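Subject: Structure handover

Hello,

Here is the structure you will be working with. Please open it next to this email and follow along.

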Amino acid sequence: MKQLEQLVRPNIWKLAPYSSARDEYSGKQAHVFLDANENPYSMTDNNRYPDPLQRELKVALSKVKGVAPEHIFLGNGSDEAIDLPYRIFCEPGRDNVVAIEPTYGMYRVCADINNVEYRTVKLNESFQFQADQILQACDEHTKLIWFCSPNNPTGNSLDRQEMLHVVERFQGIVIIDEAYIDFSRQQSFRSELATHPNLIVLNTMSKAWALAAIRLGMAFASKEIIDIFNKVKYPYNINRLTQAEAMEALANPYDVDRWVKSILDERVRMMKAFLELPVCQQVYPSDANFFLARMTDAQSIYDYLVDHGIIVRNRSRITLCHNCLRVTIGLKSENNELIAALRQYVQ
Ligand SMILES: *Cc1c(COP(=O)(O)O)cnc(C)c1O
């Protein structure tokens, strides 16, 4: 890896962050807070600004994730953790990033917003890649490489060895989005952080943790990288309600285990049911809470399902996903409704 100073945009490296009232006071015992122009009257605790660094929540998360608090950044969804690396590392109009295709659409949207060139390497028929292909797409202006594993919309985990080769050989930053890792038997790359200072791993509370509405995403990385994230983020990016809800959820991790188990059982059942449908040509392996299915005519099946009040994701126009629908695993009753509707479909 290059020196971090060589990778970070000069204006960000030099940035003196905004110092909030709650930043300047920290730790010492105090009981009168007249520093932040808050209103002292309130029925709830919502009159006070929240902890800008979410210290209590990071301690709770560190126990579940096996990563020390100073290696954790919390964002307003993964969305924030996806956008910040562009703003930190990529000089608009000059630098570029490399990603696999197909993959999650937000990496490209954030590249476009930040005026950063987005280069892609097409996956093979098994939705895998080789490290050499990725490295060949890079030049001296490539700052970031994006992986998503398990990948969205394909559902499969990417080859761990190939990803490791890239992490070890690339001079810039490699980001591995593991939004669906809780549904997978693969080992998380969080365990590789100590040995790979150029690695950023993303997780989210939106999928297995069933908290998409509270908007809480995580980035795990070296302390040096996390410090830069914290310098660039909005001061109070995680509101108090979100922090409180997340603390509550982390106190009950066994709910998540039960949900994941039910979803995985249903995934097996649904993939089998799809394979038996005359309109389904192929079901791709999945390590996530959804699967990709190749249909005879994805668009008309999609329209038919919409008419029956059932929404799946039509991925037909995505590279390598011609005639594919992406199906999220729902409640047993919802899954049954989908299958029943598809059995009634006439071509
Ligand atoms: C759903 C998803 C996320 C989660 O995004 P949030 O902003 O945390 O809700 C992140 N990455 C991928 C690949 C996803 O599919």
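Below are the notes on what was found, part by part.

This is a predicted model, in which local features need pLDDT of at least 70, side-chain atom pairs count only at pLDDT 80 or more, and totals for chains, interfaces and linings use all residues. Residues are numbered from 1 along each chain as its sequence is written, and side-chain values use heavy atoms, with hydrogens and water left out.

**The ligand**

Helices (H or I, at least four residues) and strands (E, at least two) are DSSP runs, numbered from the N terminus.

Now look at the polar contacts. These are pairs of N or O atoms within 3.5 Å; within protein, one must be able to donate a hydrogen and the other to accept it, and residues adjacent in sequence count only if both atoms are side-chain atoms. A polar side-chain atom of Asp177 lies 2.6 Å from a ligand nitrogen. Tyr180 places a polar side-chain atom 2.6 Å from a ligand oxygen. Asp79 uses a backbone N or O atom, 3.2 Å from a ligand oxygen. The protein covers 93% of the 390 Å² of accessible area that the ligand has on its own (Shrake-Rupley method, 1.4 Å probe; for residues, only the protein chains shown count as cover).

**Strand S7 and its partners**

Which strands pair with S7? Pairing needs at least two DSSP bridges between two strands. S1 (residues 72-75) is joined to S7 by four bridges and runs antiparallel to it. S6 (residues 199-204) is also joined to S7 by four bridges, again antiparallel. Find Ala219 in S7. Phe73 stands opposite Ala219, and Leu202 has Ala219 as its bridge partner.

In a regular strand the side chains alternate between the two faces of the sheet. S7 (residues 217-220) is covered on both faces: Gly217 and Ala219 are buried on one side, Met218 and Phe220 on the other. Buried means under 20% relative accessible area, exposed over 50%, and partly exposed in between (1.4 Å probe, protein chains only).

**Helix H4**

H4 spans residues 55-65, and its buried residues are Leu57, Lys58, Ala60, Leu61, Ser62 and Lys65. They pack against S1, S6, S7, H9 (223-232) and H10 (240-250). Just after H4, Gly66 takes a positive phi of about 70°.

**Asn198**

Is Asn198 buried or exposed? Asn198 is buried, with a relative accessible area of 3%. Asn198 sits in the loop between S5 (173-177) and S6. Its side chain reaches the backbone oxygen of Val167 at 3.0 Å and that of Gly172 at 3.2 Å.

**A four-stranded sheet**

An open sheet has the order S8-S9-S11-S10, with antiparallel pairing. S8 (280-283) and S10 (313-314) stand at the edges, each with a single partner strand, so one side of each has no neighbour in the sheet. Three bridges join S8 to S9 (residues 290-295). One to look up: Cys280 has Met295 in S9 as its bridge partner.

Best wishes

Technical notes: Contact = heavy atoms within 4.5 Å.
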